Amino acid sequence: MTEPTVPAGPAGPSPDPARAGRKDEHVRLAAGQQAALAAGAGPRNDFDEVELLHHALDGVDPAHVDLTAAVGPWRWPLPLYVNGMTGGSVATGRVNRAIGIAARATGIPVATGSVSAGLDDAAARATFTVVRDENPDGFVMANLGADRTPDDAVRAVEMLRADALQVHLNAAQETVMPEGSRRFETWAGNVAAICAASPVPVVVKEVGAGLSGRTLARLAGLGVTVADVGGRGGTDFVGIENDRRPTRDLAYLRGWGQSAVACLLDAPAGAPHLLASGGVRTPLDVVRALALGARAAGVAGRFLRVVLDDGEPPRDAAATDRAAARLVEEIEVWRSHLAALHGLLGARTPAELMTTDVLVRGTVREFAALRGIDVGALTRRTAARPAPDLSPDLTARHDGAPHA
Ligand SMILES: Cc1cc2nc3c(=O)[nH]c(=O)nc-3n(C[C@H](O)[C@H](O)[C@H](O)COP(=O)(O)O)c2cc1C
């Protein structure tokens with residue numbers, strides 16, 4: 001298969017080399033972190049502190065589960081999406097092409113990485129638009145930093161014919177990034193202006209340091225209706241940017257921020273609809289996030305690992321097709337496991353998981369205690385469910401007739 005939309009080689013213009021190099025480095029360093037996580041090294045993952053109470057008679061047949069997720073004004077086929085990662089270089093354009101192909105095959109929503117490079121550099125555009133080209137009717141989110149203008153936001157949406165615009169807040173990353181942009185005081189105003197100007201709903205997200213309860217309340221006040229808490233525990237951009245610093249002197253900031261689990265617990269009433277990402281490794285982590293109030297969960301690093309071959313982006317069109325096939329297979333496994341886990345927990349829909357019983361342990365419990373959050377109530381939520389009906393013959397037997 002050819003790659004009609006990704007410019008490469010001497011015939012076409014090449015994306016700005018410095019920026020493209022940074023995008024390639026991000027992928028390489030994120031892949032290294034995923035390898036370490038897979039080997040059991042890496043940061044603590046708070047999803048491990050979330051236990052779902054097993055009720056042996058509550059299960060439902062997975063065939064009766066409807067996995068449709070209600071997120072903001074949308075209905076997604078699964079409570080799962082591929083989070084914003086990349087684009088801006090030829091190699092990352094191939095990663096995006098694989099993601100676009102997999103999105104079309106599976107129907108799940110996907111985001112590109114920050115399209116700033118595509119707005120500023122015409123030669124980089126196709127490395128993002130390839131996601132839409134491969135997936136013309138799917139749900140695609142464009143992604144932009146909170147330092148960009150409302151006009152940029154409109155252009156980003158137009159460029160991808162996007163269904164939503166992700167706006168990322170990444171102060172910790174920008175603090176450590178050698179070429180970081182640190183005009184943080186302007187961000188809240190920019191977010192409000194972008195929400196007002198964007199022709200599609202805005203999803204504000206963190207990139208791995210989490211959105212606190214205070215931030216979620218502020219975002220609601222700025223007009224944000226959907227927020228991805230993007231917490232600590234998976235890809236660590238402080239670590240990635242520190243590895244790009246000549247002196248590597250900010251290593252002590254690794255693990256900055258709160259996990260998605262902590263953020264979901266911290267979310268105030270009246271928060272935007274919540275999405276959870278950051279350290280989502282398995283369908284069980286998705287289910288844990290849904291039980292804590294998320295409407296869907298986003299996966300970045302774990303799916304990037306599937307697309308890469310031995311840590312490397314696809315080298316040509318054939319390798320991109322193979323990468324896409326691997327990602328389709330992975331997403332289909334997640335789909336089937338999600339249905340199985342819903343069935344096991346007796347949830348016919350993702351929304352029903354919000355009334356399942358949850359035990360929160362360890363350092364997350366300590367976080368909740370310090371923040372004054374009552375996690376004890378989460379352990380007894382099924383008590384409010386209506387009692388299941390007894391079948392008529394059992395009811396008859398209980399009406400007086402002694403057992404033979
Ligand atoms: C290689 C790579 C590049 C990323 N680039 C972006 C980006 O441009 N914009 C953004 O909002 N998030 C970006 N992210 C962050 C992810 O969307 C996500 O918030 C973060 O990786 C945590 O999720 P994970 O633990 O599943 O990887 C990137 C992640 C990876 C792995």
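This is a predicted model: local features need pLDDT of at least 70, side-chain atom pairs count only at pLDDT 80 or more; totals for chains, interfaces and linings use all residues.
View 1. Which residues of helix 9 are buried? They are Phe237, Val238, Gly239, Ile240, Glu241 and Asn242. As for their neighbours, these buried residues pack against helix 1 and helix 6, the latter spanning 171–176.

**View 2. Helix 1 meets helix 2.** Two packed helices are described by the angle between their axes and the distance between the axes. Here, helix 1 and helix 2 (residues 90–106) pack at about 55°, and their axes are 8 Å apart. That angle makes helix 1 oblique to helix 2. Look for Lys23, Asp24 and Val27 on the helix 1 side, which meet Ala91, Thr92 and Val95 of helix 2. Sorted by type, the residues of this contact come out as 3 nonpolar, 1 polar and 2 charged.

**View 3. The shell around the ligand.** There are 27 residues around the ligand, and the ones that come nearest are His168, Gly234, Thr235, Ala300 and Gly301. Where does the shell come from? At least two residues each are supplied by helix 1 (17–38), strand 5 (110–114), strand 7 (164–169) and helix 12 (301–307). By type, the shell holds 17 polar, 8 nonpolar and 2 charged residues.

**View 4. Arginine 335 in helix 13.** Arginine 335 sits in helix 13, which covers residues 317–345. Is arginine 335 buried or partly exposed? It counts as partly exposed because 18 other C-beta atoms lie within 10 Å, while a buried residue would need 20 or more. Proline 15 is 320 residues from arginine 335 in sequence, and their C-alpha atoms are 36 Å apart in space.

Technical notes
Residues are numbered from 1 along each chain as its sequence is written. Helices (H or I, at least four residues) and strands (E, at least two) are DSSP runs, numbered from the N terminus. A residue is buried if 20 or more other C-beta atoms lie within 10 Å of its own, exposed if 12 or fewer, and partly exposed in between; C-beta atoms are placed from the backbone. A residue is near a molecule or strand if its C-beta atom, placed from the backbone, lies within 6 Å of it. Ala, Val, Leu, Ile, Met, Phe, Trp, Tyr, Cys and Pro count as nonpolar, Asp, Glu, Lys and Arg as charged, and the others, Gly among them, as polar. Two residues are in contact if their C-beta atoms, placed from the backbone, lie within 7 Å. Axes are lines fitted to C-alpha atoms, for helices over the stretch in contact, and angles run from 0 to 180 degrees between N-to-C directions. Angles under 35 degrees count as roughly parallel, over 145 as roughly antiparallel, 65 to 115 as roughly perpendicular and the rest as oblique.
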